[in-house]
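I opened this model to look up a few helices, strands and charged pairs. My notes follow in the order in which I checked things.

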Amino acid sequence: MDLIKVMERFPTQESCIAYLEQVRWGKGYPHCPHCGTTDVARRSETETGRIGRWNCHDCQATFKVTHGTVFHGTKIPLQKWFLAITLIANAKKSLSSHQLSRDLDLNQKTAWYLMTRIRAEMAKKGRVLLKGIIEADEVYIGGKPRKPNKREDDKPAKRGRGTQKTPVLGAVERGGKVVAQVAEDLTGRGILKFIRSVVNLKNSELITDEYKAYLQVGKEVKHAIIKHSEQYVDGEVHTNTIEGFWSLLKRAWFGQHHHYQTGYTSLYVAEACYKYNYRNIDSIFWKFVNESVVV
């Protein structure tokens, strides 16, 4: 969905709230999120100065349709939320908070906060179970290796395993969805734990490179190995799909963000997974908004 359609469909705060109420409550009567009763009544805007607020006659609480959702407690107009969701979803290689702040006339810190909330929701709603031909691999996110300061020291900087970069472990269903997360343990035990949690082992075949830690996974699932030291493709045995996903994740880092705080790296990875997994649907916008309101 493009920005013009979002602005035409949701020109005001009232239109945004009306849509969220329709998605969350449908044709039924609104119910209090605190006690569950339907004995509620809408408060008038002239009385409160705020749009879309309801009163509960049982527990005496007030609430809005955004209660308990990604929009909970926000003071940012919902139209800007909807525009931000569209911009992030349409940005194949992600979007910086500085760019979003310029596009939506927001403070940079406000834009960053908004994007963090959206990414956290993507992480929560993006869990999948893979099956079929599965490619697994790991990648390291961080700066490009540079030559040492002293010219006489020509020893190249360390690449790949053994660097100080942040390791990310991932698995992709060939022709399907991907799951990736910041890796806490890249030993055989840690990788096996990850594969068990995201792959249906009974109906799958795992393809990896020659990293020895994957051998432990091969004890529980059919396992094929492509030796990158010799070739990159051997018929159907390759890891090109997961490598393609890593290229998108790296391009977001190099081209937009340049740096990830350790505590938030998982959210950037979740954003990349979410957009990759729903790349073939008509509009990620509708999916994200609808699922975010259903609590």
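Entry 1: I looked up Lys 275 and found it buried, with a relative accessible area of 10%. I used these cut-offs: buried is under 20% relative accessible area, exposed is over 50%, and partly exposed is in between (1.4 Å probe, protein chains only). Glu 271 is also buried, at 2% relative accessibility. The side chains of Glu 271 and Lys 275 form a salt bridge, 2.9 Å from N to O. A salt bridge here is a side-chain nitrogen of Lys or Arg within 4 Å of a carboxyl oxygen of Asp or Glu. Both residues sit in helix 9, four residues apart, about one turn of the helix. I also noted that Arg 119, Glu 271 and Lys 275 are linked in a network of salt bridges.

Entry 2: ground rules. The model is predicted, so I kept in mind that local features need pLDDT of at least 70 and side-chain atom pairs count only at pLDDT 80 or more, while totals for chains, interfaces and linings use all residues. Residues are numbered from 1 along each chain as its sequence is written, and side-chain values use heavy atoms, with hydrogens and water left out. Helices (H or I, at least four residues) and strands (E, at least two) are DSSP runs, numbered from the N terminus.

Entry 3: helix 9 as a whole. I counted twelve of the 13 residues as buried; among them are Tyr 268, Cys 273 and Tyr 276. I then checked what covers these residues, taking contact as heavy atoms within 4.5 Å. The cover includes helix 4 (78-90), helix 6 (108-125), helix 8 (240-257) and helix 10 (284-293), along with strand 5 (166-173) and strand 6 (178-182).

Entry 4: other salt bridges. The count comes to eight salt bridges. I picked out Arg 42 and Glu 21, with the closest N and O atoms 2.9 Å apart. Arg 42 lies in strand 1 (residues 40-42) and Glu 21 in helix 2 (residues 13-25), so the pair ties together parts 21 residues apart in sequence. Arg 42 is partly exposed at 45%, whereas Glu 21 is buried at 11%. I also checked Glu 236 and Arg 174, which meet at 3.4 Å, N to O. Glu 236 is in the loop between strand 9 (233-234) and strand 10 (237-238) and Arg 174 in the loop between strand 5 and strand 6, so this pair ties together parts 62 residues apart in sequence. Glu 236 is exposed at 56%; Arg 174 is partly exposed at 21%.

Entry 5: strand 4. Nine of the twelve residues of strand 4 (130-141) are buried. I took two strands as paired if DSSP finds at least two bridges between them. Strand 4 pairs with strand 7 (residues 199-208) in the parallel sense over five bridges, and Gly 132 has Ser 204 as its bridge partner there. Strand 4 runs antiparallel to strand 5, with eight bridges; Glu 138 is partnered by Leu 169.

Entry 6: backbone angles. Most residues other than glycine have a negative phi. Ser 94 has a positive phi, near 70 degrees, and lies in the loop between helix 4 and helix 5 (97-104). Ser 94 is buried at 7% relative accessibility. His 258 also has a phi near 70 degrees, in the loop between helix 8 and helix 9.
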